[in-house]
Every structure is written in C-alpha cells, then in structure tokens.
Amino acid sequence: MTESGVAQGKGEFEAEVKERTRRSKRSKAPVVSPFFTPASTPTKLAKFSRIDPSPTTDEAEFVTPKSTIGNPQTTGGTVSCIPFPPLGSPTFGLIQERLANNPFRLLIAVTFLIKTRGKDAIPVYFELMNKYPTPEALATASKEDIVPIIHHLGLQNQRAGTYQTYGKIWIENPPVKDKRYPVRGYPNPDSGRDIKRDEILDDADERDAWEIGHMTQGSYSLDSWRIFCRDKLRGVARSWNGEGTESGFQPEWMRVLPEDKELRAFLRWMWLKEGFDWDPLTGEKEVAGPDLMRAAIEGKISWDERSGIRIMDSEVKDAPTVIAAEQQ
C-alpha cells in the first residue's frame, strides 16, 4: 500500500466518524479546568448521595450504559460501565492500564474503542495484535489481510488504513521528548490557534502541544496518552502515576479533564485515592468527607444516572473482572 493510500483511508475513517458525531451531537455544559483556564461559573455535579439498595434495584441502571452511535464523548449513557472498585484495588479496569508500558498498542486500542463497545472491540484488538505485534508488522501487512479480522466492527477499510498509518508514522517519526505538535481546540477551544500548522514546539515553549499531535487529533486518544504514557516518555517519572519522583510531583493525569465517561470515572477513583472528591465537569476538587472515603475504601460506592457517585448502605458484591472500558 502506498503512503497516499494509507493517508486516504485514515481521512475517510476520520471523516465518517466526524459525520456521525455531527449528526448525533447534543448540547452540553461547558467543560472548564482550573489547570488550564480559570473557572468562572462552574457547573457542579450533584454530590454523592446515600441509598439503601433493595432486592428490586436494577444494578444495570447504575453501571451499564445504553449502546448508541453518538458522539464518543457526549452521547449515549453517561454512566461508566465499570463498577467502582474499592480504593485498595490495584487497577480500575481500563484497557489503558494494561497497555501503559506499550504506548503504540495503547493508541491502537483506544482507536478500536471509538464508536465501538469494548466487549466487541477488545477481543478483535488482541487478535490483530497477536498477528501483527509490532508497528513494523502492522505497517507492512497487506490491508486485505487486516480487513477480515476487523470486518464485523464496521468501517473496516478506513480502520485498517488508520492502523497502518499509525504503524508507519511510529516507524518514521515516533513520539519523542521535546518534540510537540499543536492540536487545534485541545485541551481548550483556543489551544493551538497561535501555532502554525507545521510548527514543532520544544518543552520550553509553554503553548499547548503534544508528542502525538502529528498522529491523532482526537481528544480521547490524547487524554489516554497523557494519563498513561506522557510522563514516562518525557522521562519525568518511571510510570504514569509518578513512580520514582520526589514528593510534590504532580503526574500528568492530574491535569487532564476528559469528556469520555470511562476516563472521568477512572480519574474520580484516582482522585479519591489522593483523598479528594473531584468534579469531572469543572476539574475542581475538595477534601473528601469521612463517609465518602470510608465507602470508597470498603467498595460501597456505585454510579448514579448522572455519573455521580452514591454511597451504598449495604455491602456491594465484588465487581466482576473487567478488561476494557466502553468508548461511546
């Protein structure tokens, strides 16, 4: 496949995704993070509430989103499909956690999750990676061999082109420290507008730009990359949660304000580990109260219908093992 053919496939895939997003786009509250711009009139989520679950309570109401083909960030269910793990759990349940040390595979995985339920996408992702385990193998594979593997996910030709484009770019121009590319409108509406499209920034430049900005413009991919891969790539920590750093270090995940419901749920959990009740709409946080912390430690929290959290008055059954989040 020629480079122009691969690029064309990627463009068709992104155009189709944008068109579906445009048709299903809904109005939403403005998202403002104090890490980037001052919050003026923040819209707070409803605080956690206490409920007494009865035998007739349908748990799926709290943990299972409806399946839709809408904007991956805003439409469909707003409730995480992953049960809230106790704070002592080693992982939350996102596929990104498993792939944090393999950033190329992480980018491929999150691309699989666009417009596709995790339970459908993740097995196919692993099948593709088992057959083409490296960027070189994926980039040089025959598109005709990739398409049958991913056919039932839809948009198979465009998807295959996108995966191969990622492989080709990773070989020729992989993400590296001190080489950042602007993404217009991310993370704020004005981001990147004062940077020329072909301009590459070093780390001394304070303007918003990202090491994978030449590979993807999608906020879900960029958010996932920042949370799980960026600190290690830049050499500021041994892992995504600040391992090997001095006291007071702020991991990159603390500066991310995602719109995806699963990433929001994950960061609420992470902030509770730090002792804070974090608002995913505004980025504001406050010290978590003793009732909330006790419930989080004991695993007695569930999601409510607005992606807030509820304290359960009776012990919640152990959550099943979840290998992937659903990206809608």
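## E298 and its partner

E298 has a relative accessible area of 40%, so E298 counts as partly exposed (buried is under 20% relative accessible area, exposed is over 50%, and partly exposed lies in between, with a 1.4 Å probe and protein chains only). The side chain of E298 meets that of K300 in a salt bridge, 3.2 Å from N to O; the term stands for a side-chain nitrogen of Lys or Arg within 4 Å of a carboxyl oxygen of Asp or Glu. K300 is also partly exposed, at 22% relative accessibility.

This is a predicted model, where local features need pLDDT of at least 70 and side-chain atom pairs count only at pLDDT 80 or more, while totals for chains, interfaces and linings use all residues. Residues are numbered from 1 along each chain as its sequence is written, and side-chain values use heavy atoms, with hydrogens and water left out.

Side chains of opposite charge can pair when their charged atoms come close. By the cut-off above, the count comes to 13 salt bridges. One of them joins D203 and R180, with the closest N and O atoms 3.4 Å apart. Both D203 and R180 lie in the loop between helix 8 (156-172) and helix 9, so this pair ties together parts that are 23 residues apart in sequence. (Helices here are DSSP runs of H or I with at least four residues, numbered from the N terminus.) What about solvent? D203 is partly exposed at 26% relative accessibility, whereas R180 is buried at 5%.

Over in helix 12 (residues 290-298), D291 and R294 sit 3 residues apart, about one turn of the helix. Their side chains form a salt bridge at 3.1 Å, N to O. D291 is partly exposed with a relative accessible area of 38%, and R294 is partly exposed too, at 44%. Then there's a network of salt bridges, which links E211, R226, R230, E252 and R255.

## Helix 4 against helix 9

Helix 4 (residues 103-112) packs with helix 9 (residues 219-228) at an angle of about 150°, and their axes are 10 Å apart. Those axes are lines fitted to C-alpha atoms over the stretch in contact, with angles running from 0 to 180 degrees between N-to-C directions. The crossing is right-handed, that is, the near helix is turned clockwise from the far one by less than a right angle.

On the helix 4 side, P103, L106, L107 and V110 meet Y220, S221, S224, W225 and F228 of helix 9 (contact means heavy atoms within 4.5 Å). By class, that contact has 7 nonpolar, 2 polar and no charged residues.

Key. Helices (H or I, at least four residues) and strands (E, at least two) are DSSP runs, numbered from the N terminus. Ala, Val, Leu, Ile, Met, Phe, Trp, Tyr, Cys and Pro count as nonpolar, Asp, Glu, Lys and Arg as charged, and the others, Gly among them, as polar.
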